Amino acid sequence: MTFVADVAAATAKLPIQIKMGKLTDQPLAELVREISTKSLSGTLRLANGSVQTAVYFDSGRVVYAATNLRTLRLREYLSKRSILSERELAKLDASLPDLDLATNLVACGTIRQRDVDALLSILVSDVLRVALLWTEGTWEFNGRTRLVDAVNVSVAPGTLLREAAERLPIKFVSGRFRNPGELISRASDLSPTSNFLPAESFILSRLDTPLKLEELLAISGLPEAAVLRVVYGLTLSGVLNREFWKNAFRTENPRATTEKPASVVAPFVAPKPEQTDNWVAASVEVDDLQVFLRAMRKSTNHYEVLALPPTANSNEIKDAYYAMARRYHPDRFHLKSGARHAEIGSAFARVTQAYETLMDPKARATYDQTVKPRQSTESLVNSDKAAQAAGTGQEPDVEGFGSEAEFGSAEDIFREGRGALEQGRIDVAIKHLANAAHLEPQVARYRAYYGRALAADEKTRRLAETEIQAAVRLDPENAVFHTMLAELYFELKFHRRAQTELDRALAIDRNNVRANLLLRKLEKSRKVG
């Protein structure tokens, strides 16, 4: 395969020399997990019809990947990102492998080394994303062949594996779990500071002790397909352990299938951040983020937040959400200033809120009934403004259409919602508090009381947790919000989490009445237990 970088024979005797199989039996995701776990070195070649890919490993770490797909070649990336002009590209030897092309570009001073490394990291991740979705084809691993070229790419296999689990056909994912009695457990070194997508956090919260798969499915309250996707992704990336794996490689000293995965797939080791003066990051990441934040400011409903039509089905909603999660999750921008990071967190909280609402048929139906009258009112206002503008010869102020001044301020809506909540009219409270939180997502108390209203219904408690957590992030020194979160955890029987939030609330306000009442409840429950 001419697209593959040069390889050289290893001189040391390796326990794994040549092994081959079918992707139907061992997909790339499971091969990456096993190679990482067993710290193997060598070249993994994949073939799916006419498409071929090679993935290179060094002591279990992915060091490079290449494919014969023309759209996933370095020349295409240089062109798509307008890094080199068509004239400059025409001067380059089209037959050069990507790594040779990169070396030549650096040698002649066209591109800096660190910028080439950043671009290759993006390219390698995209190559893996494609191959990770193959469920047919063949693979061959040769432990004696290694990559000759020195490369410095930074990929996050753990994240890629979790993404793949969400996109693989559900029939294929379900087929990876043959034994309903298989034990599933959390990894012993799970980082308390890690952040997960809502469904992942929910499943992890159910695994304070190891559970059989069938038990986890029963207590989760989620559709079986959703649980299996999450469990598959978390076990591939080492966040969860599973009792049985179908291994492709035999080693001299086989270890238990619940062995701790190598650091290459651990989801808690973030890839090295790119330098802020890196033109690749500036041209792709920063501009993209600005577009996202502007879109969030202009969005007036959940469908606009996810950039979907009101007719979107559940698969389209899920795909849109996970695409946004991969690109705009606040964890990816942890180096941003406090104000900017808070804005990103607030914007992404709206994305999560939209996803949770639209994926629940009942919640979506209720939401659609509230958003339709608003859209009709906006249309009338827009038409009136357009007519006025036409009469004066001025362009209509499109961004001003539908502002909160025309429909009541967020504060007024919040007061109505809070009053309804205190009277026990939960449906009315949710409607108003959701609107207030939508209009002003950066106001912590709007998010907190919206979360409290959602907590009244078991089906929306996951979203309630997201909203109250958002309030805590926006105002971490507010004892009331920490107490709200503790009350929610107490209702969910997550007593350790409830105690943690109570400790934070009482550290801020020792005399907080609700916090002290809940503290006595917790102490009483321990005595009874």
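Predicted model: local features only at pLDDT ≥ 70, side-chain atom pairs only at ≥ 80, totals over all residues.

I started with the handedness: H21 and H22 cross in a left-handed way.

Next I checked which residues touch. On the H21 side I found Ala 479, His 482, Thr 483, Leu 485, Ala 486, Tyr 489 and Phe 490. From H22 come His 495, Arg 497, Ala 498, Glu 501, Leu 502, Arg 504, Ala 505 and Ile 508. I sorted the contact residues of H21 with H22 by type and got 9 nonpolar, 3 polar and 3 charged.

Then the geometry. H21 covers residues 479-491 and H22 covers residues 495-508; their axes lie 8 Å apart, at an angle of about 165 degrees. Anything over 145 degrees counts as roughly antiparallel, so H21 is roughly antiparallel to H22.

On to the sheet. I looked up the strand order and got E9-E8-E10, an open sheet of 3 strands with antiparallel pairing. Which strands stand at the edges? They are E9 (211-212) and E10 (240-242); each has a single partner strand, so one side of each has no neighbour in the sheet.

I zoomed in on E8 (residues 183-186) and E9: they run antiparallel and are joined by 2 bridges.

Technical notes:
Residues numbered from 1 in each chain as written. Heavy atoms only, no water. Pairing = 2+ DSSP bridges. Helix = DSSP H or I, 4+ residues; strand = E, 2+ residues; numbered from the N terminus. Axes fitted to C-alpha atoms, helices over the stretch in contact; angles between N-to-C directions. Parallel < 35°, antiparallel > 145°, perpendicular 65-115°, else oblique. Left-handed = near helix turned anticlockwise from the far one by under 90°. Contact = heavy atoms within 4.5 Å. Nonpolar A, V, L, I, M, F, W, Y, C, P; charged D, E, K, R; others polar.
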